[in-house]
Amino acid sequence: MLFKTDLYICERTYPIDERQRDILSYLYLPLIGQRAYSVYHFLYEESKRMTHFHHYCGLSRLTSYLNISLDQLENACKMLEGIGLLRTFRQSEEKTIYL
């Protein structure tokens with residue numbers, strides 16, 4: 001279960017090129033749907049920004065920018081994880097942090 005106070009940080013293994021973006025658009029979009037596709041692209045853009053500095057952000061940032069609920073975000077992340085486009089790691093201390 002996700003909470004608005006949970007934090008996230010994005011990291012990417014490697015950048016995607018034009019051909020891979022086409023594959024995402026034409027192959028994966030029909031499988032994962034528009035919402036999960038939007039979440040993926042937002043997180044990918046965040047990962048580019050976060051390569052310069054590591055800054056934890058609240059999940060409320062994602063829900064606000066994408067205009068989705070926490071349940072919709074959780075479902076989108078599960079869809080992306082299921083198809084191998086996203087990996088989630090939870091770090092438990094005082095708050096939950098998603099990497």
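Predicted model: local features only at pLDDT ≥ 70, side-chain atom pairs only at ≥ 80, totals over all residues.
**Entry 1: the core**

I began with the largest nonpolar core, which has 26 residues, and looked up which members touch the most others; these are Tyr-8, Val-39, Leu-73 and Leu-80. I then went through the helices and found that α1 (18-50), α2 (59-66) and α3 (70-83) each supply at least two residues of this core, while the largest share, 10 residues, comes from α1. I keep in mind as background that nonpolar side chains tend to be buried together in soluble globular proteins.

I next took Val-39 and listed its contacts, setting aside neighbours within four places in sequence; the list reads Leu-66, Ile-68, Leu-73, Ala-76, Cys-77 and Leu-80. Two of these partners, Leu-73 and Leu-80, had already come up among the core members that touch the most others.

**Entry 2: Lys-4**

I moved on to Lys-4, which lies in the segment before β1 (7-8), and noted a relative accessible area of 48%, so I class Lys-4 as partly exposed. The C-alpha atoms of Lys-4 and Ser-60 are 5.0 Å apart in space, although the two residues are 56 apart in sequence. With neighbours within four places in sequence again left out, Lys-4 is in contact with Gly-58, Leu-59, Ser-60, Thr-63 and Leu-70.

**Entry 3: salt bridges**

I counted the salt bridges next, and the structure holds 4.

Glu-46 forms a salt bridge with Arg-49, with 3.2 Å between the closest N and O atoms; the two residues are 3 apart in helix α1, which means a separation of about one helical turn. The side chains of Glu-46 and Arg-61 also meet in a salt bridge, at 2.9 Å from N to O. Because Glu-46 lies in helix α1 and Arg-61 in helix α2, this pair ties together parts that are 15 residues apart in sequence.

Is Glu-46 buried or exposed? Its relative accessibility is 5%, so Glu-46 counts as buried, whereas Arg-49 is partly exposed at 25% and Arg-61 is partly exposed at 25%.

I also looked up Lys-48 and Glu-45, whose side chains meet in a salt bridge at 3.1 Å, N to O. Both lie in helix α1, 3 residues apart, about one turn of the helix. Lys-48 counts as partly exposed at 33% relative accessibility, and Glu-45 is likewise partly exposed, with a relative accessible area of 42%.

Terms used: Residues numbered from 1 in each chain as written. Heavy atoms only, no water. Core = buried A, V, L, I, M, F, W, Y, C linked by side-chain atoms within 4.5 Å. Buried < 20%, exposed > 50% of the residue type's maximum accessible area, 1.4 Å probe, protein only. Helix = DSSP H or I, 4+ residues; strand = E, 2+ residues; numbered from the N terminus. Contact = heavy atoms within 4.5 Å.
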